Amino acid sequence: VTGGQVALLAEAGLLDVTVVSSGDNQPVRFTPAGRRIAGNIGESFQTTNSTQFYRANTALPAEVWAGTDTAAPIVARRVGLGWVILMGMDYYESNEQTQKLLLHAVTYR
C-alpha cells in the first residue's frame, strides 16, 4: 500500500498510516502484540524485495505488529469484529516466512 491506497484506507476509516521507507531482505522483530500473527515463525522474519515500512498515525489508532513505532512493515487495527492487517510485502518475491505471515493474516480472528 502506497500513495493513493494509503489515503483511501484513511478516508474509509480503516487505517491511518504514513509510508516512511522501503527495504529489502531486512530482519524485523515481532512486537509483543505481533506475536499473535507470528505463529511458528519465531521472534523475527526476513523481509523481501521492496517491503514498505509504515508509521501508524493517531487519527485511527493501530498496533505495530512488527518493527518499531516509526518503521513497521506490519500494522493492524481492530475494526468491528475483525482486523485490518497491513503488511508491507508486495509478494513479487516471497520467502517461507512471508508466505506463512500471509496465511496467518488471512486466517487471523
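Buried means under 20% relative accessible area, exposed over 50%, and partly exposed in between (1.4 Å probe, protein chains only). This is a predicted model: local features need pLDDT of at least 70, side-chain atom pairs count only at pLDDT 80 or more, and totals for chains, interfaces and linings use all residues. Residues are numbered from 1 along each chain as its sequence is written, and side-chain values use heavy atoms, with hydrogens and water left out.

**View 1. Proline 61 sits in the loop between strand 4 (51-56) and strand 5.** Helices (H or I, at least four residues) and strands (E, at least two) are DSSP runs, numbered from the N terminus. Proline 61 counts as exposed because its relative accessibility is 58%. Leucine 14 is 47 residues away along the chain, yet the two C-alpha atoms are separated by 9.8 Å.

**View 2. The protein chain has 3 helices and 7 strands.** Read from the N terminus, the order is α-β-β-α-β-β-β-β-β-α. The C-alpha trace spans about 35 × 30 × 20 Å along its principal axes. Of the 109 residues, 38% count as buried.

**View 3. The largest nonpolar core holds 15 residues.** A nonpolar core is a set of buried Ala, Val, Leu, Ile, Met, Phe, Trp, Tyr and Cys residues joined through side-chain atoms within 4.5 Å. Phe30, Ile37, Phe45, Ala66, Ile74, Met87 and Leu101 touch the most other members. Helix 2 (35-38), strand 5 (63-68), strand 6 (71-79) and helix 3 (96-107) each give two or more residues to this core. A second, separate core has 10 residues, among them Val6, Leu15, Val64 and Leu86. In soluble globular proteins, nonpolar side chains tend to be buried together.

**View 4. Alanine 66 and its contacts (heavy atoms within 4.5 Å).** Neighbours within four places in sequence are left aside. Alanine 66 then touches Val28, Arg29, Phe30 and Thr31, along with Phe45. Ala71, Ala72, Pro73 and Ile74 complete the list.

**View 5. Asparagine 25 has a positive phi, near 50°.** Most residues other than glycine have a negative phi. Asparagine 25 lies in the loop between strand 1 (17-23) and strand 2 (27-29). At 51% relative accessibility, asparagine 25 counts as exposed.

**View 6. Tyrosine 91 also has a positive phi, of about 60°, and is not a glycine.** Its loop joins strand 7 (82-87) and helix 3. Tyrosine 91 counts as partly exposed, because its relative accessibility is 26%.
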